[in-house]
Amino acid sequence: MNAPKGLPLWLKIVTGVVSVALVAGVAFAAFWFIRLQSNITKAPLSAGDERVTGDATVNDKSDRLQILILGSDTRDGKNSQYGTAEDSTGYGHSDVMMLLDISADNKRVSVMSFPRDLLVDVPQCTDRTNNQTFPARSGVMINEAMAEAGIGCAVDTINKLTGLTVDHFMMADFNAVKELSKAVGGVDVCVSDPVFDPDSGLRLAKGNSQVEGEQALAFLRTRHAFGDGGDLGRIKGQQAFLSSLTRKLKSEGTLANPQRLLQIADVVTQNLTVDEGLASVPTLLTIGGRLKDIDVSKVAFVSVPTQPAAIDPNRLELVEPQASQLFAALRADLDLTNPGATSSPTATPSATDTAPTTAAPPPAAYNKAIQPVSVANGSGVGTRAQEIMSVLTGNGFTQAVSYLANPVEQTVVYYGPDFADVATDVAALFGIPATQVKQAAGVSGVQVYVGTDFASGTAYGAASVPTDVVNQTAKDAVCQQVNPLYITQ
């Protein structure tokens, strides 16, 4: 009996080609995985005693993600040309601090910047490399948070300040900016006038320019050339740079191109420190891939509301209640590009607390039009009373009046003798709990004393998006206003 004949020649050739392709593909994937994985430097996400971390159940593929982006000013290693070792060694200071918030549906991204001169409270932190603990501090610059105990202390500080929970962090040094800008072929920027800043080395002609390498770094680092020469001007420049970078990556399809993503990831990971949860190539590529279909008009760049600090005009402090309002809107996962958008109240009052906020009070056994109702504006927002008054007059309390009052933290409805029923109905209009409706001596009729906890909206306990909170979206090409002292001819 004859042995079966061998495979046809064409099938042998196809099989060989497929085998080679498979081996080459596996080798290619293995090469990049090993290369990128070896690039990654990692550090703990928290420096707290309780080792607080991001949500352990968070799914990097499909859940809302909050990633703290840090730029270190350390002069160690490749960054030694930007100053002496005494300027910043070890962990360094966070020269840039931005909170990147990606919505679960990948349709919205917010990037909130924190000025490095902002005075904040830093919690107790422990350096995990040597277990040295540093006590909590008050009124220190936010960029000092990581200098002693590491990046995890900066994360803990942001969590404490905002009430949010950071899931991951990425920290890059000066060299990362240069290499990234080269990898993408330069980033388009715009300045209102020709500019030269000898401190950062920024030198640009008026109008549009493309920057990469040293000039890209100089554009991001310059502290004096934009605006009034302070940190807020620099933040706007950084946001404009990132907006331009986002538009470029989007228009060129980079985020949907695995090969280009790998090339950029190779450059970035050589100069990047991340938390343990982010220290894997698949996770980094997954997060990059989530942004490939984002509408650039829904990438919002904001800054925390600040003002010169009372204790030192060269430093900044939060403006309240605007800052708390912004943090509340972020915690409620609201679209910052939609001013006035409101969430549901944070806590739904029980039936015994107050009437439902979605329904008007039952018909009153009195004439609303003659009831003495006043609004004491202690919210800290000068125009706040107008919004409260519109609800009252629109619901029949046409004799309501308003005045400015000392700021208070909690909103309370006070009433005088024989006005308990009116006070209950007024509280129900706004969803104010019955525990915050109180009889008070000296009050004639009903007084709605509005506190900083009710600084916007008409539903008590609900978060809302502040007006004019967005500096720009990634869709906007913004030209930086040059500080007149740095304009050249």
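Is Cys125 buried or exposed? Cys125 is buried, with a relative accessible area of 1%, where buried means under 20% relative accessible area, exposed over 50% and partly exposed in between (1.4 Å probe, protein chains only).

## About the model

This is a predicted model, in which local features need pLDDT of at least 70 and side-chain atom pairs count only at pLDDT 80 or more, while totals for chains, interfaces and linings use all residues. Residues are numbered from 1 along each chain as its sequence is written, and side-chain values use heavy atoms, with hydrogens and water left out.

## The overall picture

Eleven helices and 23 strands are found in the protein; helices (H or I, at least four residues) and strands (E, at least two) are DSSP runs, numbered from the N terminus. Of the 489 residues, 49% are buried.

Contact here means heavy atoms within 4.5 Å. Among contacts between residues at least 6 apart in sequence, 75% join residues at least 24 apart.

## Two disulfides

A disulfide is a covalent bond between the sulfur atoms of two cysteines. With a disulfide taken as a pair of cysteine sulfur atoms within 2.5 Å, the count comes to two.

Let's return to our opening cysteine. Cys125 is joined to Cys153, S to S 2.1 Å, and the torsion about the S-S bond is about 80°, so this disulfide is right-handed. Cys125 lies in strand β6 and Cys153 in helix α3 (residues 151-162), so the pair ties together parts that are 28 residues apart in sequence. Cys153 counts as buried, at 3% relative accessibility.

The sulfur atoms of Cys190 and Cys479 are 2.0 Å apart and form a disulfide. This link is left-handed, with -70° about the S-S bond. Cys190 sits in strand β10 (residues 187-191) and Cys479 in the segment after β23 (470-473), distant parts of the chain 289 residues apart. Cys190 is buried at 14% relative accessibility, whereas Cys479 is partly exposed at 29%.

## A pair of helices

Helix α5 (residues 214-221) and helix α6 (residues 231-251) have axes that come within 7 Å and cross at roughly 135°. The two are therefore oblique to each other. Axes are lines fitted to C-alpha atoms, for helices over the stretch in contact, and angles run from 0 to 180 degrees between N-to-C directions; under 35 degrees counts as roughly parallel, over 145 as roughly antiparallel, 65 to 115 as roughly perpendicular and the rest as oblique. Residues making the contact include Phe219 of α5 and Phe241 of α6.

## A loop residue to look at

Asn131, in the loop between β6 (125-127) and β7 (132-134), has a positive phi near 60° although it is a residue other than glycine. Asn131 counts as exposed, at 58% relative accessibility.
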